[in-house]
Amino acid sequence: MFHVSERTHKLPECPVDHCEQQQTCALWSRQHPSYMFTKLLYLGREYPKGGDYFRDRLRAAFARNKAVEDPEQIKALIARGEYVARELEALYYLRKYRAMKKRYYED
């Protein structure tokens, strides 16, 4: 387990109870909603409809769920965010593959 030294930044309390030491758990930072927002915002920059469209939709989704306090619902929402992130990555890989195929092969 990773322990944070006293001089480093302490993470705020996490509503998801998955570890006795929530502030020092390395996995916690990857399961926190603000991390998920940042990750999705980064992935959404190359969204086909535009980064602004994706950012607006992302903000609306997070604003809609900001009052959720149940740990199980938070886990479910984080799992859904991870699913969306994987789908975006797959979309980008597919787009790269199609562009490469179009350059090198005639159809």
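Arg55 and Asp52 form a salt bridge in which the closest N and O atoms are 3.1 Å apart. The model described here is predicted. Both residues belong to helix α3, and because they are three residues apart there, about one helical turn separates Arg55 from Asp52. Arg55 has a relative accessible area of 27% and is partly exposed.

The count of salt bridges comes to two. The other pair is Glu46 with Arg95, whose closest N and O atoms are 4.0 Å apart. The table lists the two pairs.

| Salt bridge | Closest N and O atoms |
|---|---|
| Arg55 with Asp52 | 3.1 Å |
| Glu46 with Arg95 | 4.0 Å |

**The chain as a whole**

The secondary structure of the protein chain consists of four helices and zero strands. Along the sequence, the pattern reads α-α-α-α. The protein chain has 107 residues, of which 19% count as buried. Contacts between residues at least 6 apart in sequence can also be considered: 42% of them join residues at least 24 apart.

**The packing of α2 and α3**

Two packed helices are described by the angle between their axes and the distance between the axes. Helix α2 covers residues 33–43 and helix α3 covers residues 51–64; their axes come within 10 Å and cross at roughly 165°. Angles over 145 degrees count as roughly antiparallel, and α2 is therefore roughly antiparallel to α3. The crossing of these two helices is right-handed.

Which residues of α2 and α3 make the contact? On the α2 side they are Pro33, Met36, Phe37, Leu40 and Leu41. On the α3 side they are Phe54, Arg55, Leu58, Arg59 and Phe62. By class, this contact of α2 with α3 has eight nonpolar residues, two charged residues and no polar ones.

Notes: Residues are numbered from 1 along each chain as its sequence is written. This is a predicted model: local features need pLDDT of at least 70, side-chain atom pairs count only at pLDDT 80 or more; totals for chains, interfaces and linings use all residues. Side-chain values use heavy atoms; hydrogens and water are left out. Axes are lines fitted to C-alpha atoms, for helices over the stretch in contact, and angles run from 0 to 180 degrees between N-to-C directions. Angles under 35 degrees count as roughly parallel, over 145 as roughly antiparallel, 65 to 115 as roughly perpendicular and the rest as oblique. A crossing is left-handed if the near helix is turned anticlockwise from the far one by less than a right angle, and right-handed if clockwise. Contact means heavy atoms within 4.5 Å. Ala, Val, Leu, Ile, Met, Phe, Trp, Tyr, Cys and Pro count as nonpolar, Asp, Glu, Lys and Arg as charged, and the others, Gly among them, as polar. A salt bridge is a side-chain nitrogen of Lys or Arg within 4 Å of a carboxyl oxygen of Asp or Glu. Buried means under 20% relative accessible area, exposed over 50%, partly exposed in between (1.4 Å probe, protein chains only).
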